[in-house]
Amino acid sequence: MKKAFVLAAALSMAFLAGCASDAQSGEKAQENPPEEKRTLVVWSRDTEDSMVGRASESDKAAFEEKTGVSVEILHIAHSDVVAKWNTAFAGGTAPDVMDIGVSHLVGRVELGHLLPLDDFYDNWDEKDDLASSMVDYGRYDDKIYALAYNASPSVMVWRKDYFEEAGLDPDSPPSDWNEFLEYAEKLAKKDGDIVTRGAVELPDTRGANILAQFFMQNNVYESTYKDGPDFTSPGALEAANFLADIAPYAIFTPSGGTTAFEKGTAAMNLCISPDLVMSMIEADPSLEEKIGYTSSLTNVQGGMHCGAWMYAISAQSKQPDLAWEWIQFVLSKERAEARMNETNMVPPLKSLAEEYEEKGGTLYTAQLGNLVQSQAYPKLSWTNVYEESLHLAYDEIIYGQKTPEQAMKDLEETCKDKM
């Protein structure tokens, strides 16, 4: 009986000790729970199968592998992005990182939706390798709110065989506006009043980018918006008149369709994607020797309109350091080089320029030239008004609905009324 009592007591003590041990283990488990995997939310203005979409998915995979952080990328069509942002910020569900365009920057800053990046940027060891234009795109009111990881400037192209046919030097594009008009007269083919092969291809409507780059080439782009709308200066009027002068020699292409340059019905294109040119050559290798490239048409200077994809940190992000880690990673030489090789995306880093030129020869050299000299629509509270007004004036000029002088005067008044 005594032995049974001792055995029962021992078992009871062991049970209590076990419970105490389990309790202590439970307390330790509660004190040190397993670390949850961090998640970064990124919104991008693209579709998943686009060049930018494919590049961002590649960056996501590489970032996850390197950091162990889970990245959720939401691809949003351009037409839906503003409504999506507004709903998210109103509901407190904005992402950590958002890809924005230059035309969106001022509005988002004034709404308090973006964090300034200056402290991050100033302490970034690789900042000097980033092309200055990639920083300037995201600068507003003396602060940096976004950094561009992709700007895809177009190039000017011409058909060398058409030049030869017209008695022009096939290796010498027009050097300025006056020479361009001389070339246009020789290159255009007409059947009565109908242009059957244009000296140049122009958009059939909404060509604000064309008018904007003529302002750039005449060195009056900044003056058209710096102190409020000013489209009636001599330089701006000269640019508008140049558009009117080349319109009779142009063939007009609807947006979204096959370009006239692709069809062979235009001798020149003022701003075409290098990827499109490479696709043309891939489909017809004989074109490689027939197409010439240059950065842009020039007058007082060169100039090409160009937008950009930029990453900014949302003011609602609860992990801005991690958001900056993503931006820094995307702009690293390793990732910029990977995107260049995977998608032919223009590298934003100066250290990769030579390698990019080796990939695409004179075509890519021309594109890099525009990476430095190109500009986007101005960063203003009335940027959208500026762009829409330019679209309207462009249409009025190319179809002769108004004289360039009247179109510019009305453009100025329209902007002032809508501001």
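Predicted model: local features only at pLDDT ≥ 70, side-chain atom pairs only at ≥ 80, totals over all residues.
1. Basis. Local features need pLDDT of at least 70, side-chain atom pairs count only at pLDDT 80 or more, and totals for chains, interfaces and linings use all residues. Residues are numbered from 1 along each chain as its sequence is written, and side-chain values use heavy atoms, with hydrogens and water left out.

2. The largest pocket holds about 1,200 Å³ of space. A pocket here is an open set of points on a 1 Å grid over the protein atoms alone, where a 1.4 Å probe fits, with protein on both sides within 12 Å along at least five of seven lines. Its volume is the space filled by probe spheres set on the points.

3. Lining. The largest pocket is lined by 41 residues, a lining residue having an atom within 4 Å of a point. S154, N209, H305, G307 and Y377 lie nearest the pocket centre. Strand β12 (268–272) is among the elements giving two or more residues, and β12 gives the most, with four. Strands are DSSP runs of E, at least two residues; helices are runs of H or I, at least four.

4. Tryptophan pair. W124 and W324 pair edge-to-face, 5.8 Å centre to centre with 90° between the planes; pairing requires ring centres within 6.5 Å, and edge-to-face means planes over 60 degrees apart. W124 lies in the loop between α5 and α6 and W324 in helix α13, so the pair ties together parts 200 residues apart in sequence. Both W124 and W324 are buried (under 20% relative accessible area, 1.4 Å probe, protein chains only).

Notes. Phe/Tyr/Trp six-rings, centres within 6.5 Å; stacked < 30°, edge-to-face > 60°. Buried < 20%, exposed > 50% of the residue type's maximum accessible area, 1.4 Å probe, protein only.
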